[in-house]
Amino acid sequence: MKETILTLPTPFGEPLELVKFHWEGGKNGDSLSLVSGLHGDHLNGLFVNQRLIRFLDQVAEGRNPDYQLAGRVQIFPVVNLHALAAGQSAWPFDNLDMDLAFPGSLGGEATERAAGAVRRHSSDSTFGLLLKSAATHYEDAPHVQCFHPDRWERKLAAHLGLGIVREIPAPPTFRLQLLYQWIVNEVTGYALSAGRPGIVDTGMCDRLFSGIVAFMVKTGLLKYSGGSSEPKPSVYYRTRDENTVLSPCAGWFLPEVAPGACLKQGERLGEIRDLQSGETLEEILAPKDGALVTLRCYPVIYEGEPVATLLEERKPGIWPF
Amino acid sequence: MQTETIFPIRTPLGTPIQITRQSFTGRRGNPRVSFLAGLHGDELEGVYLCHRLIQYLRGLQAREPEALRGTVHIYPAVNPQALGAATRLSPFFASDMNRQLGDKNGHSLPAQACQKLLDSLRNSSDCVVDLHASNLHLRELAQIRIIEEFDRKLIPLALRTNADLIWVHPASGVFESTFGYNLNRAKIPTLVVEAGICLRIDDALCDQVLNGMIHLLHHLGVLATSEGAPEVKEPMLVHPSEVHQVQAEHAGLFVARARLGQMLEAGDILGEVVDPLRGEVVEEAVAPEAGLLFTLREHPVTYQGAALARIAQPSRGRP
């Protein structure tokens, strides 16, 4: 069912409507909120959520007999309506990063009201999944991000099937983010990051879609009659396992690997060339063995900017164990 | 005057971008005050104020060098790329320079630059003044904003700044990553000045704040000129319950009818919101309380919930 949870009047036309889609079935008291579109150019999450909306409609209408709804699921496909309409990460009118607008407010400016509405509607959920892309200029391998998870939360994250579960350091603005708001409201929350802004990568979206369906089955929100299967093994990385590779000089960064690759120490990530002469200035090497979770995709780079983030595996790390 | 580069950044074109510090050095052991401007690239009043302050101190060094007792460091343009583009955020990095600081600062270039700048300020200042203008939407009287936990230390300094208003407000998450908050937490008293509006320079407003800064330098023992400190006004001191914000109930174009700095009576008209498509006045915004109009909306395009005005009640606010 589609429901308008906030109407935002505009000065020059029809109002914009913030909607959620929700389904309920069975007696499982648990619930899941799926949120995408906090940034207007994080399109993979929106693409996955529209697939999930169609899938859950089919399940609710009995057109997918392998699945049955057993709990409550709600999807907020586009939160930053103005930014999406503008084709930009943030709405140019206020330039506010919406993931720095939480907890939001009922009576504030448009971006804060939208943030407040989503927080209010999702903070009593059992689980929360925030779908996003990498930061501007970067591409992420599909992975799960969590903050100070306990053992149960770590194991549950593996059922999302993305292979990488990463504990993220709290940025200085963490208290202004949706994930933090979920955590303080005792929602088991994860962010799923995949791809780059402005691009839909259908292969990555397939993985996210399958992982989220498996997560709903594991948490009992969906019943699946096709038998159980073990999740793809995941590796859990702590914040201390992160290695950020900085560019030693400015110019072109030309990558030779792709996000998700497992690299050996000394392996080439790419090289930096002079912007105008094309002369090779530096080769960029992996400082340690690790999984390449983030790679720069915008080729023009300043001296000292991050090129890549590698996650170093420490034993024992393979799940489930 | 000594010029120093705090953080050089090599751009892809090969030209460096630098955060520059200008220093006027007095006797070792005497107080050191730093001025910081241009964290947001569209806030030009602070940059201009730094220019005026540098000009004043250069003149003072020439005509009365012994008047400089302590040290003044001025960081006039700390976000040069954003200032060059006149945008709040650096156009390449799209990062807010005043939202980068905390326990774990990340590895982005703006985060690295902010950490260097913070280290520089911490190591060379006994007091910092962080100069801001408002955003594109609101125009502000000259004011000092103080987070409640720092008010005891900061109010006595703020009283010396020639501001119209001192606004003590509660802490919230949005401040925790700012320079002002982090410097105050590091026990370096830091005044955050908010004055005017972005992308404009109001010369009279800059005169007012400049006099306040010179007075503050005298008060702190950094300056002792033969002419003495300029006179400063007594600012109104307000706490959260004494500030009334008026927000738009409708979307439309806001046209102000009141004047910034006006003493209002309850019920006075602040302005109106009009529906440009239907030729209707959809809202008449009025003052909910009597008081000083210290914030007024400048940007006509208005959405529901947008701030139109802030009013400070003077009756309980005098220090």
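## Basis

In this predicted model, local features need pLDDT of at least 70 and side-chain atom pairs pLDDT 80 or more, while totals for chains, interfaces and linings use all residues. Residues are numbered from 1 along each chain as its sequence is written, chains are lettered from A in the order in which they are written, and side-chain values use heavy atoms, without hydrogens and water.

## Interface of chains A and B

Contact (heavy atoms within 4.5 Å) joins 38 residues of chain A to 40 residues of chain B. The buried area is about 3100 Å², with 65% from carbon and sulfur atoms; this is the accessible area (1.4 Å probe) that two parts lose on being put together, summed over both. In chain A, Phe93(A), Pro172(A) and Tyr302(A) lose the most area to chain B, together 24% of what that side buries.

There is one salt bridge between the chains, defined as a side-chain nitrogen of Lys or Arg within 4 Å of a carboxyl oxygen of Asp or Glu. Arg175(A) and Glu176(B) form a salt bridge through their side chains, at 2.3 Å from N to O.

## Aromatic pairs

Rings of Phe, Tyr and Trp (its six-membered ring) pair if their centres lie within 6.5 Å; planes under 30 degrees apart count as stacked, over 60 as edge-to-face and the rest as tilted. The count over all chains is 17 aromatic pairs. Phe174(A) and Tyr180(A) are edge-to-face, because their ring centres are 5.5 Å apart and their planes at 75 degrees.

Phe55(A), Tyr67(A), Phe209(A) and Tyr224(A) make up one aromatic cluster.
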